[in-house]
Amino acid sequence: MHRCPPGTVIKANSEPLNPRLDLANKSPTGFSWGYLGSGPAQLALAILADYLRDENAALAHYQAFKEKVALPLIEWAPII
């Protein structure tokens with residue numbers, strides 16, 4: 001499991017990624033990756049909401065996206 005250390009900022013388009021807690025509050029403590037838990041769920045939701053610009057689509061697909069993308073990020077964790 002990898003939790004972002006305090007002060008870590010995940011960016012999208014050079015701006016801090018909005019966790020989108022307004023859509024679903026899966027992990028108010030922050031993003032993480034490498035396992036199938038709440039931190040990766042919040043990361044997946046935030047990425048999809050930012051990329052798709054469609055809140056309903058992000059909510060419909062973030063769990064599958066978490067399994068396909070946020071879980072395998074453990075391999076890339078040092079470069080994120």
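Visitor: Let's start with an arginine: does R20 count as buried or exposed?
Guide: A word on the ground rules: this is a predicted model, where local features need pLDDT of at least 70, side-chain atom pairs count only at pLDDT 80 or more, and totals for chains, interfaces and linings use all residues. Residues are numbered from 1 along each chain as its sequence is written, and side-chain values use heavy atoms, with hydrogens and water left out. Buried means under 20% relative accessible area, exposed over 50%, and partly exposed in between (1.4 Å probe, protein chains only). R20 has a relative accessibility of 14%, so R20 counts as buried.

Visitor: In what order do the elements of the chain run from the N terminus on?
Guide: Helices (H or I, at least four residues) and strands (E, at least two) are DSSP runs, numbered from the N terminus. There are two helices and four strands in the chain. From the N terminus, the order is β-β-β-β-α-α.

Visitor: How many salt bridges does a search of the whole structure find?
Guide: A salt bridge here is a side-chain nitrogen of Lys or Arg within 4 Å of a carboxyl oxygen of Asp or Glu. R20 pairs with D22 and with E55, while R53 pairs with D50. The search of the whole structure gives three.

Visitor: How far apart are the closest N and O atoms in the salt bridge of E55 with R20?
Guide: E55 is partly exposed, at 41% relative accessible area. This salt bridge leads from E55 to R20, with the closest N and O atoms separated by 2.6 Å.

Visitor: Which parts of the fold does that pair of E55 and R20 tie together?
Guide: The two residues of the pair are 35 residues apart in sequence. R20 sits in the loop between β3 (15-16) and β4 (32-33), whereas E55 lies in helix α2 (residues 55-70). The pair therefore ties together the β3-β4 loop and helix α2.

Visitor: Which residues are linked in a network of salt bridges?
Guide: D22 has its place in the loop between β3 and β4 and is exposed, with a relative accessible area of 57%. The side chains of D22 and R20 are joined by a polar contact of 2.8 Å (a pair of N or O atoms within 3.5 Å; within protein, one must be able to donate a hydrogen and the other to accept it, and residues adjacent in sequence count only if both atoms are side-chain atoms). The network is made of R20, D22 and E55.

Visitor: And how far apart are the closest N and O atoms between R53 and D50?
Guide: R53 counts as exposed at 62% relative accessibility, while D50 is partly exposed at 22%. In its salt bridge with D50, the closest N and O atoms are apart by 3.4 Å.

Visitor: Leaving aside its neighbours within four places in sequence, which residues is A49 in contact with?
Guide: Contact means heavy atoms within 4.5 Å. A49 is itself one of the residues of the largest nonpolar core, and A49 is among the buried residues of α1. Leaving out neighbours within four places, its contacts are R20, L23, D54 and A58.

Visitor: How far apart are the end C-alpha atoms of α1?
Guide: The expected span of a helix is 1.5 Å times one less than its number of residues. For the 15 residues of α1, that predicts 21 Å. The ends agree with it, since their C-alpha atoms are apart by 21 Å.

Visitor: Which loop holds N13?
Guide: Most residues other than glycine have a negative phi. N13 has a positive one, near 55 degrees, and N13 is exposed, with 64% relative accessible area. S14 has a positive phi near 70 degrees and is exposed at 62% relative accessibility. N13 is found in the loop between β2 (11-12) and β3.

How values were computed: Core = buried A, V, L, I, M, F, W, Y, C linked by side-chain atoms within 4.5 Å.
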